[in-house]
Amino acid sequence: MTDQLPSSLLPATLLTGFLGSGKTTLINYLLKHHHDEKIIIIENEFGPVNLDSELLNTSTDIQIVEMTNGCICCTVQGELTEALHQLHAQRASGELQFDRLIIETTGLADPAPIIQTFFIDDLIRLTIKLDAIITLVDAQHITQQLDEHRVAQSQIGFADRIIITKTDCIDDEQKSQVLNRINKINNKAQIFQAIKGEIPKSQWLDIHAFDLNDELNINQGFFVINPSKNQEVNFKSIPYAKPSNAWNDNICSYLFEAGELDLKKIGSFMESLVEQYGNDMLRYKGVLAIKDNEQRLIVQGVHKVVGFDYGSPWQDPAQKVSRLVVISRKLPFETLNEAFLKTVAN
């Protein structure tokens, strides 16, 4: 959605997850092991980052703290848009120096309004690039959280990558249930298992998740981080667990799949889909094959903010399959899938 903007945009990572999922632990691990990074960390809740700091500037809405390693912690009480405008002005004037943003949300926050800020506000859209949404999941308590708090589902649904914590506190059967439930809500996000925030920054920073690219992966497994072996990353398939009748999540993943499509018909379908159901569609991405066109058509959106672009050409005509993944609150999938199949070119 942002690949047409200049590459010099300041990258921003949105870090979300329910209370106690380990967001601050992850940030502390990053700061401890990467002293060369110039990062500004924006917190929209009061909570200490466990490093010695010196107060630089205070106002009623924004509190700036410089940490001992040169990074900056910013606590926002008021409007995030205004805080980002202020930080941009301070960076442009040379008052503050930083190369990336990490926004840590409160554990009870739905990330939707923050995400929309990056696409709606003109100054932010032209100066900051949302890199990815990273969601931390407390494996020990996520089942109860999903049952009791709708926002926990939303945090998982928006995610580009999911980092599962506290897996050392549950057994393999419980882990299988957790992985399957997460995958049912969001089967597009890659899932990582990490203990005490020990995960390479390359696995959650500079992901470029909002670029209009050709990648559309349906997740079939998870990645295990092994700190004792220099953070080796091993991929494991997700063990199948029969869905529990107790699961009543109102957010799940939908996969639309067909062959070559008629450009006008799929355009009308997407326009109608976004107009009618965009408010319920957290994330969606499609890599579509268009009749008489050698290039892939890429579509990606958040709610009613959607982008289209042509990607790389299909190497093999036999592989021209159109796939659209929608992570949404409950949709009339059968009806919509019938309409999607009607966009196939004659």
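Is cysteine 169 buried, exposed or partly exposed, and why? Cysteine 169 counts as partly exposed because its relative accessibility is 43%; buried means under 20% relative accessible area, exposed over 50%, and partly exposed in between, with a 1.4 Å probe and protein chains only.

## Basis of the model

The structure is a predicted model, in which local features need pLDDT of at least 70 and side-chain atom pairs count only at pLDDT 80 or more, while totals for chains, interfaces and linings use all residues. Residues are numbered from 1 along each chain as its sequence is written, and side-chain values use heavy atoms, with hydrogens and water left out.

The predictor's confidence in each residue is given as pLDDT, from 0 to 100. The protein has an average pLDDT of 84, and 84% of the residues score at least 70. Contact means heavy atoms within 4.5 Å.

## Cysteines

A disulfide is a covalent bond between the sulfur atoms of two cysteines. Here it is taken as a pair of cysteine sulfur atoms within 2.5 Å, and the count by this rule is zero. In contrast to the partly exposed cysteine 169, cysteine 252 counts as buried because its relative accessibility is 8%.

Helices (H or I, at least four residues) and strands (E, at least two) are DSSP runs, numbered from the N terminus. Strand E6 spans residues 100-104, and five of its five residues are buried, so the rest of the structure largely encloses it. Arg100, Ile102 and Glu104 point one way from E6, and Leu101 and Ile103 point the other way. Strand E2 is likewise largely enclosed, because five of its five residues are buried. From E2, Ile39, Ile41 and Glu43 point one way, whereas Ile40 and Ile42 point the other way.

Two strands pair if DSSP finds at least two bridges between them. E6 runs parallel to strand E1 (residues 10-17), to which four bridges join it, and parallel to strand E2 (residues 39-43), to which five bridges join it. Isoleucine 103 of E6 is the bridge partner of leucine 14 and of isoleucine 42. Isoleucine 102 of E6 is the bridge partner of isoleucine 41.

## The antiparallel sheet

Strand E12 (residues 251-258) is mostly covered, with six of its eight residues buried. Eight bridges pair E12 with strand E16 (residues 322-329) in the antiparallel sense. In E16, serine 328 is the bridge partner of cysteine 252, and valine 325 is that of leucine 255.

## Nonpolar cores and a buried helix

A nonpolar core is a set of buried Ala, Val, Leu, Ile, Met, Phe, Trp, Tyr and Cys residues joined through side-chain atoms within 4.5 Å. The largest has 69 residues, and those with the most contacts inside it are Leu101, Ile102, Phe118, Ile162, Ile163 and Trp204. Strand E7 (residues 128-138) supplies the largest share of this core, seven residues. A second, separate core of 22 residues includes Cys252, Met270, Leu273 and Val299.

Not counting residues up to four places away in sequence, phenylalanine 118 touches Ala12, Ile103, Ile124, Arg125, Ile128 and Leu130.

Helix H6 (residues 150-157) has seven of its eight residues buried, so the rest of the structure largely encloses it. The buried residues in H6 include Val151, Ala152, Gln153 and Ile156.
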